[in-house]
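I opened this notebook to keep track of what I looked up in one protein model.

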Amino acid sequence: MGKKVKKEVEPLPKDVFDPLLIESKTAATVVLMLSSPEEEVLAKACDALYKFASKGDENKVTLLGLGAVEHLYKLISHEDPIVRRNAIMVFGIMASNHDVKKLLRELDVTNSLISQLAPEEDVVIHEFATLCLAHMAVEYTTKVQIFEQGGLEPLIRLLGSPDPDVKKNSVECIYLLVQDFQSRAAVRALNVIPPLLELLKSEYPVIQLLALKTLEVISKDRETRIILGENKGLDCLLKILETNEFSDLHVEALAVLGNCLEDMHTLQLIQQTGGLKKLLSFVGVSAVPDIQKNAAKAITKAAYDSENRKILNEEEVEKCLINLLEIDNNEVKVAASQAISAMCENLASKRAFGLQGIPQLVQLLSSANEEVKEAAVTALANLTAASPSNARAVAEAEGIEPLVNTLNTQRDGAVANAATVLTNLAMQEPFRINIQSRGVMSVLAELLRSTNSQVQSKAAFAVAAFGCDADARTELRNAGGLQPLVELLHSKNEEVQRNVCWAVMVCASDELTAVELCRLGALDILEEINLSTGRKNNFSEAALQKLLDNNLSQKYSQMGYLSPSNIITDGFYDYGQIKRGVKFLSLEELSMQELTDRRAIIFINAKPQEDVLAVEEKAQDSSYEQTILSPSISRKSSREKAGSMVSPMEEKQELSGQRSSLSKSSTREKGLRFVADKMGGPIERDKLHDFSWELHISEIEFELKCNIVPIGKVKKGTFYHRALLFKVIADRIGIGCSLVRGKYNRAWNEVKLVDDSPQGIAGLLLPPQEYIVDLMFEPGFLMKQGSAEADQYKHI
């Protein structure tokens, strides 16, 4: 191992001439000698230039400036072997200079150099021609030239040269060439594996090292790995690892083995021969960080295949990786964490890491090294995915606080994976509450403003996980997180958009948040998304529905329909039908507007029974704001027409029935006339045009100096006033009732009723049927859905 590749060239034959010693001042003269017709002069000049150029880079530049390269180019194909040899020697030594290489490329010397690699040529010519090619092969364009001009075959042949310098230069040139995938395929076809394995037996470490580096590059291709196994290359590599004398080659040998581990077939072969156990044992006892790092990287590569993961698990690779987490080297910790991430796909490995590795990974979250932190949190994200026990282990290892802190780091990968781990922990309520108490929603609100799509996606996913809690939604609103959430609905990234839709759906669970999301434009964006077949998804449709269901004022305005499950509560207002693209204004915004001639906005606000006296006192306040928010309410008689909203208790007394449907006869008897009485009583069909409800509503608006009219103030109401009031009452006493908006101020209620007089087979009640409620002409009269009278009520 101690021997070095020889660097000196064989001396010239004594019968030629003594070498010419020159200084830089006579270099120009020697360059001129390159034009001599005499072979002896040419040989002598080349020899002198070789010695001059060997003294340093400055001399090479001098010769370049004197035009020596152009002259030498003509001589490398000279018919005299000595002249040709000496000229190539100068080329070989000068080619290490960048500017010389540039000129050599322009002169296209590679073809001439390759022609000098023929078997019959002198070994010195082989040495310096390969040296020149190796210097030039660092440039991509030269790689292509050598490949296209057929240089690989003679270079591979020269790996078997008896001269170590030729071997060294040839393998170095091949190593540079195989960086390109075309050359990798070509050397495989030219059977490069056997001579490379033979070079591993060389007494020169530099040759062994270059052979291993070349094997590491070409073994990235599966076909090459198969050939390597067939030629017992794996045994050669393992022997190197087992030999302490070759410790300076262990890192590179391990890199080649790492590539080989990617194939299940090769990995099985190594396992069957005991090589895998040896390899893991070797890593366990090694104290060389590069070896430990490369071993972990090799395991990572292998673990991308499910069958490989099974094999590695059988050999208890988890113990090896957990031990590597304890090594005091950041690169090793990163590589080990990445390997753990890859092995997590195997459930048995996931359990093993959960039992032993999670505390170490949690500790790494506090590392000062950002790369270590990111690798550790990524491993935790994979470990806790669909694993409640591992999530619990993270919490028990006191990982919540460092995870929340990791959300504030500068590396997007670390931030995204920390959000993922916290989301996984949030599936268990105690941990969710713990995390939420640390202000996680405020942090997530900032992350939603990230420009990184991975961070956006994971932050939105976390918002969805924590948004099931009302306090968390409040925190998100207060932190300004709803605006960036809505803006992300525009994302072109499919995963981001899907997760944001999910977050919107969850956050829209309460009215305050739903109204704010709508104000910020979420409804319009979701409608646009759902109109696109390419962008629409299950979450976008669910989010739209959830927004509307928790913002009934806007739902009724846009959709013209409220279902029995849409329960109207205080604060609801009928804005009228709104056109697509027109902004839906909040009640506060509407209350600030001047009185106009537009359609009145009907507002619902019924105070609880115990607040009546206070409300009646405040009702004397002449300000229109007070009148809007707390209209004069009388509870003395449920049938009194004094501009009031009816009492829930009185409503129950007036209208009682089953929760999901009404008895047809009891509805007739107990009176849907109640609503009609509150709104001006029955109207004869032919005198409908004389019912001056518009004037009445205008008078209320003028009185309040506002377009917002509390429904309790309405004493003359038409179809849509009466239908709204009936829906409000029905919702409060548990009657299933829908509200439908029609054209020309029409609106009606649909209820499902059971007929309690006729009975079905075996004494069973017939299933409920849908009816339209008449609140205008014959209050209490029920019209079967689809009947002529029902259609007439809705359209005439």
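**Entry 1: the whole chain**

I noted at the start that this is a predicted model. I looked up the secondary structure and found 48 helices and nine strands in the protein chain. I then checked burial: of the 796 residues in the chain, 55% are buried. For contacts with a separation of 6 or more, I read that 67% are between residues 24 or more positions apart.

**Entry 2: helix α17**

How many residues of helix α17 are buried? I found that eleven of its eleven residues, 250–260, are buried, and the helix is listed as mostly covered. The buried residues include H250, E252 and N259, along with V251, L254 and L257. I also looked up what covers them. The covering elements include α14 (205–218), α15 (222–230) and α16 (233–242), as well as α18 (264–272), α19 (275–285) and α20 (289–302).

**Entry 3: helix α37**

I repeated the check on helix α37, residues 522–531, where seven of the ten residues are buried. I wrote down the buried residues: A522, L523, I525, L526, E527, I529 and N530. Among the elements that cover them are α34 (482–487), α36 (511–519) and α38 (538–549).

**Entry 4: two packed helices**

Two packed helices are described by the angle between their axes and the distance between the axes. I looked up both values for helix α22 (residues 317–324) and helix α23 (residues 330–343). The angle is about 150° and the axes are 8 Å apart. The crossing of α22 past α23 is left-handed. Which residues of α22 and α23 make the contact? On α22 I found V317, E318, L321 and L324, and on α23 I found V332, K333, A336, A339, I340 and M343. Sorted by class, this contact has eight nonpolar residues, two charged ones and no polar ones.

**Entry 5: aromatic pairs**

I counted ring pairs next, and the total is ten aromatic pairs. I looked at F461 and W502, which pair edge-to-face, with 5.1 Å centre to centre and 80° between the planes. The angle of 80° is edge-to-face because the cut-off for that class is over 60 degrees. F461 sits in helix α32 (residues 453–466) and W502 in helix α35 (residues 494–507), so this pair links parts of the chain 41 residues apart. Are F461 and W502 buried or partly exposed? F461 is partly exposed at a relative accessible area of 30%, and W502 is partly exposed at 28%.

I then looked at Y556 and F572, a tilted pair with 6.4 Å centre to centre and 40° between the planes. Y556 is in helix α39 (residues 552–559), while F572 is in the loop between β1 (561–562) and β2 (573–574), so the pair ties together parts 16 residues apart in sequence. Both Y556 and F572 are buried.

I also noted a cluster: ring pairs link F461, W502 and F539.

**Entry 6: charges over rings**

The charged end of R598 is over the ring of Y575, 4.9 Å from the ring centre. The charged end of K705 is over the ring of F702, 5.7 Å from the ring centre.

**Entry 7: R673**

I picked R673, which lies in helix α45 (residues 673–678). Its relative accessibility is 43%, so R673 counts as partly exposed. Leaving aside neighbours within four places in sequence, I found R673 in contact with P682, P779 and G780.

**Entry 8: positive phi**

Most residues other than glycine have a negative phi. I looked up two residues that go the other way. A386 is not a glycine, yet its phi is positive at about 55°. It is in the loop between α26 (370–384) and α27 (388–396), and A386 is exposed, with a relative accessible area of 82%. N745 is not a glycine either, and has a positive phi of about 65°. I found N745 in the loop between β6 (737–741) and β7 (747–754), where N745 is partly exposed at 35% relative accessible area.

Terms used:
Residues are numbered from 1 along each chain as its sequence is written. This is a predicted model: local features need pLDDT of at least 70, side-chain atom pairs count only at pLDDT 80 or more; totals for chains, interfaces and linings use all residues. Side-chain values use heavy atoms; hydrogens and water are left out. Rings of Phe, Tyr and Trp (its six-membered ring) pair if their centres lie within 6.5 Å; planes under 30 degrees apart count as stacked, over 60 as edge-to-face and the rest as tilted. Helices (H or I, at least four residues) and strands (E, at least two) are DSSP runs, numbered from the N terminus. Buried means under 20% relative accessible area, exposed over 50%, partly exposed in between (1.4 Å probe, protein chains only). A charge sits over a ring if NZ of Lys or CZ of Arg is within 6 Å of the ring centre and within 35 degrees of the ring normal. Contact means heavy atoms within 4.5 Å. Axes are lines fitted to C-alpha atoms, for helices over the stretch in contact, and angles run from 0 to 180 degrees between N-to-C directions. A crossing is left-handed if the near helix is turned anticlockwise from the far one by less than a right angle, and right-handed if clockwise. Ala, Val, Leu, Ile, Met, Phe, Trp, Tyr, Cys and Pro count as nonpolar, Asp, Glu, Lys and Arg as charged, and the others, Gly among them, as polar.
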